[in-house]
Every structure is written in structure tokens, then in C-alpha cells.
Amino acid sequence: AGAGAGAGAGAGAGAGAVAGAVAGSGAGTCAGASVAVGTEAPKESKRTKEARVLVTSALLSALKELVPATGLSATEFADHAPPWMTIEIFSKAAAPVDLVRDGPALRAVLRRLCHERAWGTDFGAALRWLRAVRPPAALAGARAASEAAEREAFEELGKEFAALTLAAIEAGHSLRRHLRDDEAMLGQIRETLGDDLAAPILEFYAARATLADLGEEPVARIQQLPVTADVSFMEMPEDIQVIFVADAEAWASVEPQLASASLLALDTEWWDSGQGPALLQVAIGDERGGCAACFLLDTLRAPGLFAPALLRLARRTDVQILGWSFGEDQKRLQEFFCMHAGHGSCRDGPESPPKMCVLDLQPVCCCLLNRTSALVSLGSACAQVLGRPLDKAQQCSDWRRRPLSEEQATYAALDAVALLMLRAELSRRGLLPTLAGAERPLLAAGGAMLN
């Protein structure tokens with residue numbers, strides 16, 4: 001793969017260069033393209049997996065630089081590349097895409113990516129791509145005819161995706177992605193494709209509500225949400241600073257703020273289990289329960305810088321720490337302490353690292369929203385409590401990437417800031433005790449709510 005990419009790059013930014021890079025990668029190198037549909041993937045070692053991921057990421061980064069200069073169309077590119085690579089490259093942000101000219105090829109890409117044996121993340125990636133290439137709302141003017149053609153071409157793509165999704169779930173396939181629930185995915189389908197295209201999918205879920213992990217009420221809520229041309233997601237408040245921390249100089253000014261804080265919200269982004277978090281987001285609450293600032297700690301590149309202070313934080317009893325579905329975050333932090341804070345064993349025992357005492361707002365919101373059969377997602381909780389959902393498009397992005405994209409940084413920070421906003425709103429409504437300490441008996445070290 002490296003030889004192919006290097007040869008392609010050395011040949012210059014031409015069509016031959018890109019073809020050489022893609023051909024050099026080999027179908028077996030690219031994630032999601034290594035095994036034929038219907039066959040079981042051979043088990044690979046962790047180091048092999050890491051090498052494959054790094055090579056694929058490097059190739060994708062190179063192609064994003066090369067392709068726009070070549071003038072290659074999505075149709076020409078798709079003939080030689082895995083489907084996931086085509087939608088990553090031709091997403092308007094990297095290379096322009098002509099929905100009218102390339103419509104048939106793009107529909108074929110969707111069919112290769114979204115099938116009955118595909119992962120939920122593949123459907124999620126396709127939906128994120130559809131949102132990225134969606135034409136704007138109808139406008140009057142000289143381009144009205146061409147814009148109408150683009151919208152018609154996009155509708156054909158939407159029909160293809162909706163049909164593939166319905167076929168997959170009718171075959172018993174779950175749309176679940178990592179720790180996200182089906183409701184979040186269904187909401188995004190409706191927001192992106194609109195009522196008409198999403199209706200058969202929502203009706204299918206409503207009809208089998210007793211068998212699915214999604215009840216009738218969430219489906220009804222999704223159906224009642226208004227759909228606009230541009231989805232209105234939560235945005236980062238202008239008065240909140242988001243600061244990326246990756247060196248000793250920046251950390252020297254941040255650490256005292258964490259040490260003196262009495263209210264924090266934590267979240268992690270991670271790439272693979274067993275490796276600790278790739279990023280730790282820490283939002284500091286102010287005296288009013290709002291957010292003063294959010295820090296993105298680069299635990300991937302500078303783990304030793306943060307490990308001692310985070311270990312001290314885990315041992316503190318005078319701070320309120322908020323989390324959401326914190327079990328997986330707790331695991332990543334335990335891995336982090338074992339690898340970088342001198343704890344040789346992650347097993348429970350006297351030598352194991354301490355677990356952070358966290359108020360997990362997910363079971364709190366499930367209780368308040370009368371959700372008994374399925375866990376509510378953070379995006380859904382924000383929509384119902386704060387009035388606007390979170391945009392989760394970046395959830396499955398590459399968190400090893402440096403520098404982070406602006407979209408990644410905003411997404412990561414909002415996941416922590418939203419917890420402070422949720423807590424403040426619930427407290428305002430009298431649904432949570434104040435910060436005075438009444439919540440402490442409700443906490444468990446694992447981040448769960450005690451009866």
C-alpha cells in the first residue's frame with residue numbers, strides 16, 4: 001500500500017497518480033473491503049489492525065490532496081476504489097461532486113456500502129455523506145433549473161438509501177452504531193431525507209415495537225419533529241472558550257483551573273478498546289451551573305502530561321463530575337491510568353487505579369423521560385430537554401487525526417458542554433438537587449445511579 005501511494009504521489013497530481021495510489025492500496029488493505037460479502041473475516045492481531053488502519057488513513061489523506069487537482073469524476077474514481085473511500089473523497093468538503101452526472105455511479109456506491117451484512121457504521125457513514133452533499137433549499141434565479149436537477153438527483157440517492165435501509169432492517173439488521181441507539185439513527189434519517197422517504201422505515205419500526213429495542217413513543221416523537229431544509233442542531237455558545245491542550249505550556253495554565261473546579265463534565269473519544277482515550281474533553285462549570293470553558297486534552301499524543309493530574313482528579317471527593325453512559329469512558333480512563341500512571345494492573349484490587357465518582361446523567365434522563373425499555377441517547381435528551389438535538393455526524397470520525405478538524409473539535413466539546421447545560425436546565429426545573437452536595441449519595445464509582 002505504501003509503495004502504491006508513494007509511486008502515485010511521485011508521479012504528480014494527475015489521474016495516473018490517483019489510479020496508482022488506489023491500485024497500490026489493494027482491496028485487502030482498505031477497511032471494510034478486505035473480505036467478500038458473506039464470508040467471515042480472518043482474525044488479525046492488534047498490531048496488524050493498527051498497521052492497516054494507519055496505512056489506510058495515510059492513503060485517504062493523500063488522495064484528498066490529489067483528487068481535486070486531477071478533475072476525476074466520482075464515476076471514474078468509484079470504478080477503482082472501495083465505496084467508503086469514494087464517499088469520503090467526494091463529499092464537497094474534499095472534492096466536488098456532480099449529483100446529476102454521477103448519480104448512477106453514486107447509487108451503485110450506496111448499494112456496495114449499505115447491504116444486509118454491512119455494519120451500522122456503514123449506514124451512518126452513508127447518511128453523513130448524504131447530509132454533506134444535500135443541495136440547498138430551492139432558490140429563485142439563474143441557477144434555478146440546475147438546482148432543481150440537483151435536488152431531483154439527490155432525491156434518487158435518498159430513495160436508494162431508504163430502500164437499502166428498509167431491506168436491511170427487514171432482514172433483522174440493527175442500525176445501532178457503537179453505543180448509540182436506533183432512535184438517534186432514525187431521527188437523522190428523517191432529518192436528512194424528509195418525511196416521505198423516511199416514512200416506510202419509521203412505520204416498520206412502529207409495527208414491530210414489541211420486538212425492537214425501540215418503543216412506540218420514541219417513534220411517535222421522531223414522526224412529530226419538524227423537518228426543515230437545514231437541521232437546527234445545538235451550537236457552541238459564543239461565550240464558551242474551546243481550547244486544545246497538547247503541550248506543557250498550555251497545560252500549565254489549565255491544570256490549576258481543573259484543580260480548583262467544583263463542577264466538571266467529562267467525555268472521551270477513542271479509536272480502539274484497550275488503548276485508552278484518544279481525546280479527553282473536560283468542561284468546567286461556573287458558579288451558576290453553566291460552562292466557563294472546555295478543554296480538549298490530547299491524551300493520544302501527550303498522555304504522560306495529563307496522567308498525574310487526572311489520577312488526582314479521580315481521587316477527589318470535593319468535585320461534582322458529570323458523564324453520559326460513562327461505563328465505556330470509565331474503561332478508557334482505567335486503560336489510560338494503567339498505561340501511563342504507573343498502575344500495572346487494571347484488575348480490581350489494591351493496585352488497580354481509582355475509578356472516578358461520576359453522576360451519569362443518562363439513567364437520570366431515562367427516569368425523567370419515562371424510558372424503561374431503551375436507553376435515551378444524549379442527542380435525544382438534548383432535543384427533549386434543551387429543545388435542539390446534537391449533531392452526531394462526527395462521532396465515528398478518525399480521532400487519531402491531528403490536527404482535529406473544526407467539526408471534530410466542536411462535536412467533542414459539545415458532548416461535554418451539553419452535560420453542564422442539561423444539568424443546569426434540570427436543576428432550574430427542580431428535577432435535580434443543587435450543587436450543595438445532595439447528589440453525592442446517589443453516585444457510584446462506576447458512574448451508575450444507585451437505587
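Visitor: How many bridges join β2 to β3, and do these strands run parallel or antiparallel?

Guide: Strands of a sheet pair through backbone hydrogen bonds, either parallel or antiparallel. Here β2 and β3 are antiparallel and are joined by six bridges. Ala 265 stands opposite Ala 283 in β3. Two strands count as paired if DSSP finds at least two bridges between them. Helices (H or I, at least four residues) and strands (E, at least two) are DSSP runs, numbered from the N terminus.

Visitor: What should I know about the model itself before going further?

Guide: This is a predicted model, in which local features need pLDDT of at least 70 and side-chain atom pairs count only at pLDDT 80 or more, while totals for chains, interfaces and linings use all residues. Residues are numbered from 1 along each chain as its sequence is written, and side-chain values use heavy atoms, with hydrogens and water left out.

Visitor: How many helices and strands does the chain have?

Guide: The chain has 17 helices and six strands.

Visitor: In what order do the strands lie in the sheet?

Guide: The six strands form an open sheet of mixed pairing, in the order β1-β4-β3-β2-β5-β6. β1 (241-245) and β6 (358-360) each have a single partner strand, so these edge strands are left without a neighbour on one side. On average, neighbouring strands of this sheet are turned by 25° against each other, direction ignored. Axes are lines fitted to C-alpha atoms, for helices over the stretch in contact, and angles run from 0 to 180 degrees between N-to-C directions.

Visitor: Which strands run parallel to their partners, and which antiparallel?

Guide: β2 and β5 run parallel and are joined by three bridges; there, Leu 264 has Ile 321 of β5 as its bridge partner. β1 and β4 also run parallel, with five bridges, and Phe 244 is paired with Leu 296 of β4. Strand β3 (residues 279-285) and strand β4 (residues 291-297) run antiparallel, joined by six bridges. Leu 280 stands opposite Leu 297 in β4, and Gln 281 has Leu 296 as its bridge partner.

Visitor: How many residues of strand β2 are buried?

Guide: Buried means under 20% relative accessible area, exposed over 50%, and partly exposed in between (1.4 Å probe, protein chains only). In strand β2 (residues 263-269), seven of the seven residues are buried. One face carries Leu 263, Ala 265, Asp 267 and Glu 269, and the other Leu 264, Leu 266 and Thr 268. In β4, six of the seven residues are buried, so this strand is largely enclosed by the rest of the structure. For the chain of 451 residues, 48% count as buried.

Visitor: Is helix α16 mostly covered or mostly open?

Guide: Helix α16 (residues 378-385) is mostly covered, with six of its eight residues buried. Those residues are Leu 378, Gly 379, Ser 380, Ala 381, Cys 382 and Val 385. After α16 comes Gly 387, whose phi is positive, near 95°.

Visitor: At what angle do α15 and α17 pack?

Guide: Helix α15 (residues 361-368) and helix α17 (residues 406-428) pack at about 40°, with their axes 12 Å apart. That makes α15 oblique to α17, given that angles under 35 degrees count as roughly parallel, over 145 as roughly antiparallel, 65 to 115 as roughly perpendicular and the rest as oblique. Their crossing is left-handed, a term used if the near helix is turned anticlockwise from the far one by less than a right angle, with clockwise giving right-handed.

Visitor: Which residues of α15 and α17 meet?

Guide: An α-helix has 3.6 residues a turn, so residues three or four places apart point the same way. Leu 361, Cys 365 and Leu 368 of α15 meet Leu 419, Leu 422, Arg 423 and Leu 426 of α17, where contact means heavy atoms within 4.5 Å.

Visitor: How do α13 and α14 cross?

Guide: The axes of helix α13 (residues 303-315) and helix α14 (residues 326-340) come within 10 Å and cross at roughly 120°. The two helices are therefore oblique to each other, and the crossing of α13 and α14 is left-handed. On the α13 side the contact is made by Pro 303, Ala 307, Leu 310, Leu 311 and Ala 314, and on the α14 side by Phe 336, Phe 337 and His 340.
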